[in-house]
Amino acid sequence: MRTGIATVCLSGTLKEKMQACAIAGFDGIEIFEQDLVTSPLTPGEVRTMAADLGLTLDLYQPFRDFDSVPEDLLAANLRRAEAKFKLMARLGMDTILVCSNVATASIDSDDLRAEQLGRLAALAGDHGVKVAYEALAWGKYVSDYEHAHRLVEAVDHPNLGTCLDSFHILSRNWDTAPIEAFSPDRIFFVQVADAPKLSLDVLSWSRHYRVFPGEGQFELAKFMGHVVRAGYSGPVSLEIFNDVFRQSDVERTAVDGMRSLIWLEEQSAKWLDANAPVLAAAGAGTVGGFAGAGRRRYPMELATLPQVAEPAGYNFAEVRAADPEGLETVLGQLGFEFNGRHRTKDVQLWTMGHARVIVNEDAPVAAGNTADAAPALTAAIGALGFDVDSPVIAAARAQQLKAPAVPRKSQANEEVFQGFAAPDSTEIFLCQGSPDGTAAWTHEFGEGLDAPAAGEGAVIDHVNLAQPWQHFDEAVLFYTSALALEPQPFAEVPSPTGLVRSQVMATADRAVRLVLNLAPLIQREGDAQPEPSGTGARRTYQEHIAFAVPDLVATARACKARGLEFLQIPANYYEDLDARFGLDPAFLATLQELNLLYDRDADGEFLHFYTATVGSVFFEMVERRGAYDGYGAPNAPVRHAVQYDLMHRLNKTT
């Protein structure tokens, strides 16, 4: 599949955008007119630079408001078009995007539109240019891609075809199956964009909320499957209008975009495999690398990735702390056992049942790349280990998805972990799972462990990571594509500093639950402006590791006896809890005595408590009863408010 991206997707100058696209591995680019108009580079210099970078210049866009106009305006439009055709010759480009009219259209006549598009096609032919006509979802008279295609068919000129844009089609819920009937010679260009499903006017939706494939909710694999079946073999190009992307690091965004096309290519191949028509007289064939009898081959070849199963569970969680004393105290009070120091590294191992926490004494830094690096924290989540069937194959998949490798020094007789970095800089390690839940690498600590430690039945239930604002959507795609985690419906949780967007990523059996939180802007006392959470989200917003135990009440009593400092829950919460659920008075009294929180739904019950925060990290202990599958979301505002109050009181005393 030939890959492309529109320069409008990225921040920076045209030169910076082109360089980033080449680094990310795109085959070609669309030049957005404003990027060229504002560039000091001449068209000839742009052409030379693209050639030097190995990029093709696939599409010049946009040419707006051409059709459905009176004759005098048409003459002006044709003059404007000819000027662009001459410019394209200097750029070495041969395809222009013409959008259906939204502003100056005043005559609703398909006969007139066909006649005017025919004159444009003839003029384009004189200059060796192809016109890709696109139905904008908010076009005044032409908003349906099938309508645009009928006009192209009516003109019947070799220099006029259609551009299929997934956003304009899927935002209107148009059926994509008719694409298969289109002649591939009439499909001049294909653009793809994903988006969350919003109740919003389509123009605002398009201009601000498009995201890369895999980061929204559109059925893009199905769309691409129909495009492939039609016989199209040209570029598949990203056209994303997104306020966050246009403020983010240009190279990171380009890599994120390339990852999304790699993922889409694989998903499209899978869709074709699952929906392949059986040809009675045909022999065996392949679709995108998925072999099967009677399946067709198509002009567009779709590459696939090494196939991996979803993780079987958490192997460990690592917290970095230059001064680990506070962490050691809290872990001991929770009931974790200290299992010694690593034989060659400055790390400790603490275990409870099958829950393992590594305390790394390297000083942590805030999330992000070097440019984003913030001052060292007292403690921060630094790495997560996942049990997978084949770490080597899973790592190869992540590498092909542009995940940066994380080297880990190992000496003889030490476990070799495959690792890579997530968008927020959390290190992800792939571990060989074992049927009994043990881990061979624990023998590298002290005397090692032959069996799970105290706290039988304890496991890591979920991990909550704060995400920088500019990498949130990237993180969703990353964990979906690289670790086979499925995004669940997101929620927005009130906090004293604003709404916190919470996105759960999970395996089907919920053995792995990863919660990504997009923190609101943080207003610090004395600051003229709020601090974007992305400049160090993990410096300004707390995150945590949650452990599941069979009996939370007994666990809480034991923790209290060991002197654990619980997060203190207001009495008003328990009064409200009684009003909502009508709990047994003795049980309610126990909850209040131990600072436990409670939730219930049709499937079961959820009990949990929180510790005080060390650095930017706190811990949560949970008990799931029945088939409860949530995270106590109604209780989250209480936790946020108490933590906010504690943080402000601490700031005032220091």
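This is a predicted model: local features need pLDDT of at least 70, side-chain atom pairs count only at pLDDT 80 or more; totals for chains, interfaces and linings use all residues.
Residues are numbered from 1 along each chain as its sequence is written, and side-chain values use heavy atoms, with hydrogens and water left out.

Start with the barrel. Eight strands close into it, in the order S1-S2-S3-S4-S5-S6-S7-S8, and their pairing is parallel. Helices (H or I, at least four residues) and strands (E, at least two) are DSSP runs, numbered from the N terminus. Two strands pair if DSSP finds at least two bridges between them. Angles run from 0 to 180 degrees between N-to-C directions, and axes are lines fitted to C-alpha atoms, for helices over the stretch in contact.

Look at one pair in detail. Strand S6 (residues 160-165) and strand S7 (residues 187-192) are joined by four bridges in the parallel sense. Cysteine 163 has phenylalanine 189 of S7 as its bridge partner.

Two helices meet these strands. Helix H9 (residues 220-229) lies across S6, S7 and strand S8 (236-238). H9 runs at about 165 degrees to S7. Helix H10 (residues 250-274) also packs on the sheet, where it touches strand S1 (3-6), S7 and S8. Contact means heavy atoms within 4.5 Å. The direction of H10 makes about 140 degrees with that of S8.

The peptide bond from glutamine 61 to proline 62 is cis, with omega near -5 degrees. Further along, serine 68 sits in the loop between S3 and helix H4 (71-91). Its phi is near 65 degrees, a positive value in a residue other than glycine. Serine 68 is buried, with a relative accessible area of 0%. Buried means under 20% relative accessible area, exposed over 50%, and partly exposed in between (1.4 Å probe, protein chains only).

Arginine 510 also has a positive phi, of about 65 degrees, although it is not a glycine. This residue is placed in the loop between strand S21 (498-506) and strand S22 (513-518). At 23% relative accessibility, arginine 510 counts as partly exposed.

Now turn to strand S23 (residues 543-548). Six of its six residues are buried, so S23 is largely enclosed by the rest of the structure. Both faces are covered. Glu543, Ile545 and Phe547 are buried on one side, and His544, Ala546 and Ala548 on the other. S23 pairs with strand S18 (residues 459-467) in the antiparallel sense over five bridges. There, valine 463 stands opposite isoleucine 545. S23 also pairs with strand S26 (residues 617-626), in the parallel sense over six bridges. Glutamate 543 has valine 617 of S26 as its bridge partner.

The structure holds four cavities of 30 Å³ or more. On a 1 Å grid over the protein atoms alone, a cavity is a set of points where a 1.4 Å probe fits but cannot get out; a pocket is an open set with protein on both sides within 12 Å along at least five of seven lines; lining residues have an atom within 4 Å of a point. Grid points are joined across faces, edges and corners, and a volume is the space filled by probe spheres set on the points.

The largest cavity has a volume of about 80 Å³. Of the 14 residues that line it, Arg64, Leu136, Arg207, Glu239 and Phe241 are the closest to its centre. S3 and strand S4 (95-99) are the elements that give two or more residues to this lining.

The second largest cavity contains about 70 Å³ of space. H10 gives the most to its lining, with three residues. Among the lining residues are Arg252, Asp256, His471 and Glu474.

Finish at the largest pocket, with a volume of about 1,300 Å³. Of its 49 lining residues, the closest to the centre are Glu215, Gly216, Asp473, Val476 and Arg501. H9, H10 and S21 return here, among the elements that give two or more residues to the lining.
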